[in-house]
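Here is a short walk through a structure for someone meeting it for the first time. Keep the 3D view open as you read.

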Amino acid sequence: MAIKDMQGFLAALDAAGQLKVIDQEVDWNLEAAAVGAMNNRVGQGKHALLFDNIKGYPRGFGIATSLFAGDRRSMWSRFALALGLDPQISYYDFREEYLRRLDNPIKPMEIAAGDAPCKEVVRFGKEADHLEFPIPYSHACDGGRYLTMLAMINRDPDTGWVNWGNYRYMIIGPRKASGSFNPTQHGPSIFFNKYEARNHAMPVCIAVMGDPAIFIAATYGAPAGVCEADIAGGLHGEPMEVVKAETNDLFVPARAEIVLEGEVRPHERADEGPFGEYSGFSLGRTLSPVFRINCITYRKNPVIPLVVEGVRTNDTQCFQSLQYGVSLYQFLTKKMKFPVRDVFMSPELGQLMIATDVPYPGYVQELASAVFATSYLFFFNWITIVDSRVHIHDPRDTLEELALNCHPGKAIHHTDLDPLNFFLTFNTPLQERIKGINGGKVAFDCTTGRLPMTHLPARATFESAYSAETQEKVAALWKRLGLDQEIETKPVFQ
Amino acid sequence: MPNEGYEIHEVYLVKHDKEIEAGNPIVCELMPLATYSRILVRAHVSRSYDARPGMEQLWVREDDGTLQGRPWAIHILEELDPDEVAFEPEARSTLELKS
């Protein structure tokens, strides 16, 4: 049965032995996030955490974190679980199934308000108060308390396209908030280009968690014009249930933990940030548009999902790694028809690796140009392109290719024209990064396709230096030899 | 452990530097460190905190996220309704574009 909400996801995590429920009182003020940060660092993706006893709040009002944080060797495992797949599934089987579901969106289905768990409690006007919930204060450098796992829902007034996007949301007061409003992202661009340009207030809803597929869809990077609610339905193979908001015409996930309803007024700004971002650095204060909330609905005993940014390996890093790798793989192979075998973005600091055949001279530059022409160019500055046989999910293998095969004078392709990564490259002032000036991208060509075949020596790895029979014998002997470490073999890609 | 008192963005102290030096009250937005839910106040602000009665700690946050090591002092005269008293946020105090 499809997981439809936070409660279902927590139950599935628990059944898989991947949930720790923490009954001891924990403070929403830094403490919960600090525990989550250490869990991200040392937990190796073993457990998501549910804090069930938050200081100053009723029992049952909880915080859950490390929901999608995973060990590097199985970062997709929690995604698989959220989508009803075996968490032990291999990456390539998961990718194939994930791409299949992405290609088959299903429109959501409206249900009656009385059947919607997100409306178990309804608060209007002055009774609506952000502080009724244990929204965490996550870093000592932050400018406020943040929601980090949500869908901001807004509609293009001309086309009717509804966008669901995940953007951080900072509490300013009981009914006032601000957030990340990057104009290169779909939801904010609808506000800047349509509503504010026309001096109109924009109706908006903020849906906190609910179906984990919402978060997966909202961070996928769907093209403009595509509604992430449709993608979420496709991920589950059945329509997602939605319900009409109380105070505007938007539809919200019926099983969200909390729904905040309101508007964003034109030309109104407030201090937003600083915020300790996924890169491990504080992004600094900016002036951002203001959410004015006029209604809050929620289910009883809501659980706030928390992404503790900055300490690897956290949810965002796992998300970006998985989503960008799969999305770019899909773009390069399906749209561009490049002979790419795999694309991997490292969870640490957005380094992109591509494993590919090299069918003709100049192909690597063409491939790099295609990648930098996508909207993902805001999330990394350099890519490493290697032969198809390389296991790019292991950074040691990619570094080896960089050291052995990238000619320092001939194989580094640089461009000055593209904007730098918005979150990184701190030797460039923030204003330059925001404006996309003084930018640059670089591609390291580590492929051997440029070289005549006679230049390539035989490889001496475990997988190539020993026959399959010998490798099997070693695997069988290993434990009998009294060796404790787990044996590790790499997949062989031709 | 979290600090006590309030937090303010440095840019607002720069903006009201003359009034502060003259000992006049200023209108500013504060973040109480007990709730992190901002309030608009009229208050006296001074550069050093010495725990006098009525004075509370005012921590200063710079635009890049760093917190100044020592608190200022604040004495809140009244809390204001942000829907009735206009408060315009200040853009970043410097825009340095290095060539």
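How many residue pairs are in polar contact between chain A and chain B? The count is ten, with both residues of each pair at pLDDT 80 or more. That confidence score is there because this is a predicted model.

Stay at this interface. In chain A, 32 residues are in contact with 27 residues of chain B. About 2,200 Å² is buried between the two chains. Carbon and sulfur atoms give 50% of that area. Two salt bridges cross from chain A to chain B. One of them joins the side chains of D63(B) and R285(A), at 2.6 Å from N to O. On chain A, the elements giving two or more residues to this side are β9 (169-173), β14, β15 and α11 (430-435). Strand β9(A) gives the most, with four residues. By type, the chain A side divides into 16 nonpolar, nine polar and seven charged residues.

Now follow β15(A) itself. This strand spans residues 286-298, and ten of its 13 residues are buried, so the rest of the structure largely encloses it. Which strands pair with it? Strand β14 (residues 258-272) of chain A pairs with β15(A) in the antiparallel sense, over eleven bridges. There, L260(A) stands opposite I296(A). Strand β5 (residues 121-124) of chain A also pairs with β15(A) in the antiparallel sense, over four bridges. In this pairing V121(A) stands opposite Y298(A). Strand β10 (residues 176-179) of chain A is another antiparallel partner of β15(A), with three bridges. Here K176(A) faces R292(A).

Next, look at D5(A), in the segment before α1 (6-15) of chain A. Is D5(A) buried or exposed? Its relative accessible area is 7%, and buried means under 20%, so D5(A) is buried. Its side chain reaches the backbone nitrogen of Q7(A) at 3.3 Å. Beyond its neighbours within four places in sequence, D5(A) is in contact with G210(A), D211(A), P212(A), R255(A) and R299(A).

With R299(A) the link is a salt bridge: the side chains of D5(A) and R299(A) meet at 3.3 Å, N to O. This pair links distant parts of the chain, 294 residues apart. R299(A) sits in the loop between β15 and β16 (303-306) of chain A. R299(A) is buried too, with a relative accessible area of 9%.

R255(A) has a salt bridge with E241(A), their closest N and O atoms being 3.3 Å apart. R255(A) lies in the loop between β13 (251-253) and β14 of chain A, and E241(A) in strand β12 (residues 241-244), so the pair ties together parts 14 residues apart in sequence. R255(A) is partly exposed, at 24% relative accessible area.

Chain B has a salt bridge of its own between E90(B) and K15(B), at 3.4 Å from N to O. The two residues are 75 apart: E90(B) is in the segment after β5 (72-80) of chain B, and K15(B) is in helix α1 (residues 10-15) of chain B. Both E90(B), at 27%, and K15(B), at 41%, are partly exposed. Back in chain A, salt bridges that share partners join D5(A), E241(A), R255(A), E257(A) and R299(A) into one network.

End at helix α9 (residues 363-372) of chain A, where seven of the ten residues are buried. Among them are Y363(A), L367(A) and F372(A). The cover over the buried residues includes α8 (315-335) and β17 (340-345) of chain A.

How values were computed
Residues are numbered from 1 along each chain as its sequence is written. Chains are lettered from A and ligands numbered from 1 in the order in which they are written. This is a predicted model: local features need pLDDT of at least 70, side-chain atom pairs count only at pLDDT 80 or more; totals for chains, interfaces and linings use all residues. Side-chain values use heavy atoms; hydrogens and water are left out. Buried means under 20% relative accessible area, exposed over 50%, partly exposed in between (1.4 Å probe, protein chains only). Two strands pair if DSSP finds at least two bridges between them. Contact means heavy atoms within 4.5 Å. Buried area is the accessible area (1.4 Å probe) that two parts lose on being put together, summed over both. A salt bridge is a side-chain nitrogen of Lys or Arg within 4 Å of a carboxyl oxygen of Asp or Glu. A polar contact is a pair of N or O atoms within 3.5 Å; within protein, one must be able to donate a hydrogen and the other to accept it, and residues adjacent in sequence count only if both atoms are side-chain atoms. Ala, Val, Leu, Ile, Met, Phe, Trp, Tyr, Cys and Pro count as nonpolar, Asp, Glu, Lys and Arg as charged, and the others, Gly among them, as polar.
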